[in-house]
Amino acid sequence: MSWGTELWDQFDNLEKHTQWGIDILEKYIKFVKERTEIELSYAKQLRNLSKKYQPKKNSKEEEEYKYTSCKAFISTLNEMNDYAGQHEVISENMASQIIVDLARYVQELKQERKLNFHDGRKAQQHIESCWKQLESSKRRFERDCKEADRAQQYFEKMDADINVTKADVEKARQQAQIRHQMAEDSKADYSSILQKFNHEQHEYYHTHIPNIFQKIQEMEERRIVRIGDSMKTYAEVDRQVIPIIGKCLDGIVKAAESIDQKNDSQLVIEAYKSGFEPPGDIEFEDYSQPMKRTVSDNSLSNSRGEGKPDLKFGGKSKGKLWPFIKKNKLSLKLGATPEDFSNLPPEQRRKKLQQKVDELNKEIQKEMDQRDAITKMKDVYLKNPQMGDPASLDHKLAEVSQNIEKLRLETQKFEAWLAEVEGRLPARSEQMRRQSGLYDSQNPPAVNNCAQDRESPDGSYTEEQSQESEVKVLATDFDDEFDDEEPLPAIGTCKALYTFEGQNEGTISVVEGETLYVIEEDKGDGWTRIRRNEDEEGYVPTSYVEVYLDKNAKGAKTYI
């Protein structure tokens, strides 16, 4: 099966077919290119989706991800991020192994096709030239033969005419001989050219065209094989990432299997346990005796002490009063939380104080390590004065020692509060029986003058009630005092020189290059108070920011 023998007369059709083959190859390249773009777009969307649902740093949302179900969700997001990376790998491999390779091959194929069909047209032009030469020789031979016949007939006519002179007859005879010789020469030339044409024609149809068409056939078959190999590569690129994608999916399954509902339930207890004891039985108060009404010693209500406002009777009762009354707006503002966390229930207060003590101990250890490092460096300077002046480290060493002392004092203060709280909490190692009695309310200082309360089983406080009248709690003006409180005015701006992770209470995280408002200058403690927006403000190290104070607008420029 050869195009040279089977399709010897289909030059134009082969030219169209090979061009169609190149078009098919270019169409396949375009298809793969669009597939790579889809893979990249899909990977980008997956990454954005994973990033969108990641918890924000230093936010309340991040604290919620301590539960195993939320940790599994984070693992799922991370696995989806890796899953997206595999689609990027597919795109990159298809681009490098298929698109680039085929694009280069198409250019080579076009050049080879052009050369082959150029040779074919050249052979066509040559055989056409030989054919024209043969036709010209044939017409000349035909013309010379006719001229020779006419000359012979004229000679015979003149020779038969008795009235023609002998000279005219001789002239006609010579003319006939010349024409006859010319016809013989034309015949010989035509015969030679005919033989040559037949030879060229044989070479054209049996040698030149078959060779050219064979090259074209091989070229086309290579194109077909190449596109088949590219399709195999296309599938193989996908197949290579299947094991890794499988691992990503296995990771998601493993994360789902790691969810522990019991552990999550325990975390809820640790997060919200107040530390209060459930209320005991209420003793019967006999009103039938003509005696002054007293509060039962076993009641959970606090005795009305000195300094507490009198309660008015009449009107509707509020039903129940929460343990810490309504949180005033000041407590929501930065720095308004009491230093000893007295606004929290006992158990939560204990956890916060323990966390603070741990943080201070870490800071102390960090400062001690720094002091040891400075001490070692000073020893090196003492032994090798050429490396530095030992006296230059004295100031730094004194500063670090001072910091350690401050931190220790701070730690002792929080440890004292912690010991006080742990002394009030019931023993956690033994089962406490239900009992009645009076115990102090853990109200924050701002609301320690609230009405006499009784703790309900759900942790709320309800007022004493009687069949005749109900206690009506007078609303305090404390909350309203801060309702219209305006934020501190901005006295300038600052630019973050470094990234600071504000993990401690009262601090705020900043990113290098971020611009924020300054609302309080450094008062000598090394901290500057700044604001990002209406709800985000706090302290950052003064050395971490570059401050631009606006003296003209000081006290007048506020954050909007």
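Guide: Keep in mind that this is a predicted model. Let's start with arginine 226, whose charged end sits over the ring of tyrosine 105.

Visitor: What makes you say the charged end of arginine 226 sits over the ring of tyrosine 105?
Guide: The charged end is 4.4 Å from the centre of that ring. The cut-off for the distance is within 6 Å, so 4.4 Å passes.

Visitor: How do you know that glutamate 26 and lysine 110 meet in a salt bridge?
Guide: Their side chains come to 2.8 Å, N to O. A salt bridge needs the nitrogen within 4 Å of the oxygen, so this pair counts.

Visitor: What does that pair tie together?
Guide: Glutamate 26 lies in helix 2 and lysine 110 in helix 4, so the bridge ties together parts that are 84 residues apart in sequence.

Visitor: Why is glutamate 26 called partly exposed?
Guide: Its relative accessible area is 31%. Buried means under 20% and exposed means over 50%, so 31% falls in between. Lysine 110, at 34%, counts as partly exposed too.

Visitor: Which residue forms a salt bridge with arginine 104?
Guide: Aspartate 101, with the closest N and O atoms 3.1 Å apart. Both residues lie in helix 4, three residues apart, which is about one turn of the helix. How many salt bridges does the structure hold? The count is 23.

Visitor: Why is the pair of phenylalanine 500 and tryptophan 527 called edge-to-face?
Guide: Their ring centres are 6.3 Å apart, and a pair needs centres within 6.5 Å, so they do pair. Their planes are at 65°, and over 60 counts as edge-to-face, so that's the label.

Visitor: Is phenylalanine 500 buried or exposed?
Guide: Buried: its relative accessibility is 14%, and the cut-off is under 20%. Tryptophan 527 has 32%, so it counts as partly exposed.

Visitor: What makes the pair of tyrosine 28 and phenylalanine 31 tilted?
Guide: The angle between their planes is 40°. Stacked needs under 30 degrees and edge-to-face needs over 60, so 40° is left as tilted. The centres are 5.9 Å apart, and both residues lie in helix 2. Tyrosine 28 is buried at 9%, whereas phenylalanine 31 is partly exposed at 42%.

Visitor: How many disulfides are there?
Guide: The count is zero. As for the cysteines, cysteine 494 counts as buried at 1% relative accessibility, and cysteine 70 is partly exposed at 21%.

Visitor: How do you know that the span of helix 5 agrees with its number of residues?
Guide: Helix 5 has 92 residues, and at 1.5 Å a residue they should span 136 Å. The end C-alpha atoms are 133 Å apart, so the two values agree.

Visitor: Where does helix 5 bend?
Guide: At tyrosine 204, by about 45°.

How values were computed. Residues are numbered from 1 along each chain as its sequence is written. This is a predicted model: local features need pLDDT of at least 70, side-chain atom pairs count only at pLDDT 80 or more; totals for chains, interfaces and linings use all residues. Side-chain values use heavy atoms; hydrogens and water are left out. Helices (H or I, at least four residues) and strands (E, at least two) are DSSP runs, numbered from the N terminus. The expected span of a helix is 1.5 Å times one less than its number of residues. The bend at a residue is the angle between axes fitted to the seven residues ending there and the seven starting there. Rings of Phe, Tyr and Trp (its six-membered ring) pair if their centres lie within 6.5 Å; planes under 30 degrees apart count as stacked, over 60 as edge-to-face and the rest as tilted. Buried means under 20% relative accessible area, exposed over 50%, partly exposed in between (1.4 Å probe, protein chains only). A charge sits over a ring if NZ of Lys or CZ of Arg is within 6 Å of the ring centre and within 35 degrees of the ring normal. A disulfide is a pair of cysteine sulfur atoms within 2.5 Å.
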